Amino acid sequence: MDHLTCAITGHRPEKFYFKEDSSDCKELKEEMKLTFESLYNSGYDQFIVGGARGVDMWASEILLDLRKRFGHLELYCLLPFKSYTAKWSKDDIERQRHILLQANGCKILAERYSRDCYKRRNYEMVDRSQLLLAICDRNNPNSGSMQTVQYARKKHMETIFIDPQTFEFSMVRNAYY
């Protein structure tokens, strides 16, 4: 059976105008959930996240919850380097540990930090996928998420955007924009 894979990119929590426990964040997570359900029903059964706080963590938790309903849904974590969580809070480290224990697979790309480790992780996520879901500000071209989007565009990959302020959904076919 061939699998369709969706990579997920998005901002860390401090890039959003809202806190995680706010109604706006709950609304964004609901949009993410509806998008994942739609993708699964369209044949996407594998999802790759980069293991960051914020969108990656939220997506992982939502996908693991959806796996209870959609038994064939698979979550893979592609991590930039071994100690990437060293500066995180204890709560976030515990959340990530819980995610990694439940994921279908996990790959650590490097033994230690390097200047390009996050970029390499983002590019490998795109290289392993047929679709990119980006939850980020399209007006910030220097963010890691938008750099991932730009790489997907070079590969002519379809990209779904969820605007983190308006929660509007848009799709860019073959990433010509």
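Buried means under 20% relative accessible area, exposed means over 50%, and partly exposed lies in between (1.4 Å probe, protein chains only). By that scale arginine 97 is partly exposed, at 43% relative accessibility. This is a predicted model: local features need pLDDT of at least 70, side-chain atom pairs count only at pLDDT 80 or more, and totals for chains, interfaces and linings use all residues. Residues are numbered from 1 along each chain as its sequence is written, and side-chain values use heavy atoms, with hydrogens and water left out. Helices (H or I, at least four residues) and strands (E, at least two) are DSSP runs, numbered from the N terminus.

**Strand pairing and crossovers**

- β2 and β3 pair in the parallel sense over 4 bridges; pairing requires that DSSP finds at least two bridges between two strands.
- Glutamine 46 stands opposite glutamate 74 in β3.
- From β2 the chain crosses through α2 to β3, and this β-α-β crossover is right-handed. Right-handed means that, with the strands pointing away from the viewer, the path from the first strand over the helix to the second runs clockwise.
- β3 is also joined to strand β4 (residues 105–108) by 4 bridges, and these two run parallel.
- Leucine 78 has lysine 107 in β4 as its bridge partner.
- β3 is mostly covered, with 5 of its 6 residues buried.

**Nonpolar cores**

- A nonpolar core is a set of buried Ala, Val, Leu, Ile, Met, Phe, Trp, Tyr and Cys residues joined through side-chain atoms within 4.5 Å.
- In soluble globular proteins, nonpolar side chains tend to be buried together.
- The largest core holds 39 residues, and Ile8, Leu28, Met32, Phe36 and Phe47 touch the most other members.
- At least two residues each come from β1 (4–10), α1 (23–41), β2 (44–49), α2 (55–66), β3 (74–79), β5 (131–135) and β6 (158–162).
- α2 gives the most to this core, with 8 residues.
- Phenylalanine 47 is in contact (heavy atoms within 4.5 Å) with Cys6, Ile8, Phe36, Leu39, Leu63, Leu73, Glu74, Leu75 and Tyr76, leaving aside neighbours within four places in sequence.
- Another core lies apart from the largest one; it has 15 residues, among them Ile48, Ala134, Val149 and Val172.

**Threonine 9**

- Threonine 9 lies in strand β1 and counts as buried, at 5% relative accessibility.
- Its side chain joins that of serine 145 in a polar contact of 3.2 Å. A polar contact is a pair of N or O atoms within 3.5 Å; within protein, one must be able to donate a hydrogen and the other to accept it, and residues adjacent in sequence count only if both atoms are side-chain atoms.
- Beyond four places in sequence, the contacts of threonine 9 include Val55, Asp56, Leu132 and Thr148.

**Salt bridges**

- The whole structure has 14 salt bridges, each a side-chain nitrogen of Lys or Arg within 4 Å of a carboxyl oxygen of Asp or Glu.
- Glutamate 111 and lysine 82 meet in one of them (3.2 Å, N to O). Glutamate 111 lies in the loop between β4 and α4 (117–127) and lysine 82 in the loop between β3 and α3, so the pair ties together parts 29 residues apart in sequence.
- Arginine 95 and aspartate 92 form a salt bridge at 3.9 Å, N to O. Both lie in helix α3, 3 residues apart, about one turn of the helix. Aspartate 92 is buried, at 16% relative accessibility.
- Glutamate 94 and arginine 97 form a salt bridge at 2.7 Å, N to O. This pair also lies in helix α3, 3 residues apart. Glutamate 94 is partly exposed, at 39%.

- Histidine 156 is not a glycine, yet has a positive phi of about 60°. Histidine 156 sits in the loop between α5 (144–154) and β6.
- Phenylalanine 167 has a positive phi near 65°. This residue is in the loop between β6 and β7 and is buried, at 9% relative accessibility.
- Phenylalanine 169 is in strand β7 (residues 169–172) and is partly exposed, at 47%.
- Phenylalanine 169 and threonine 35 are 134 residues apart in sequence and 9.0 Å apart in space, C-alpha to C-alpha.
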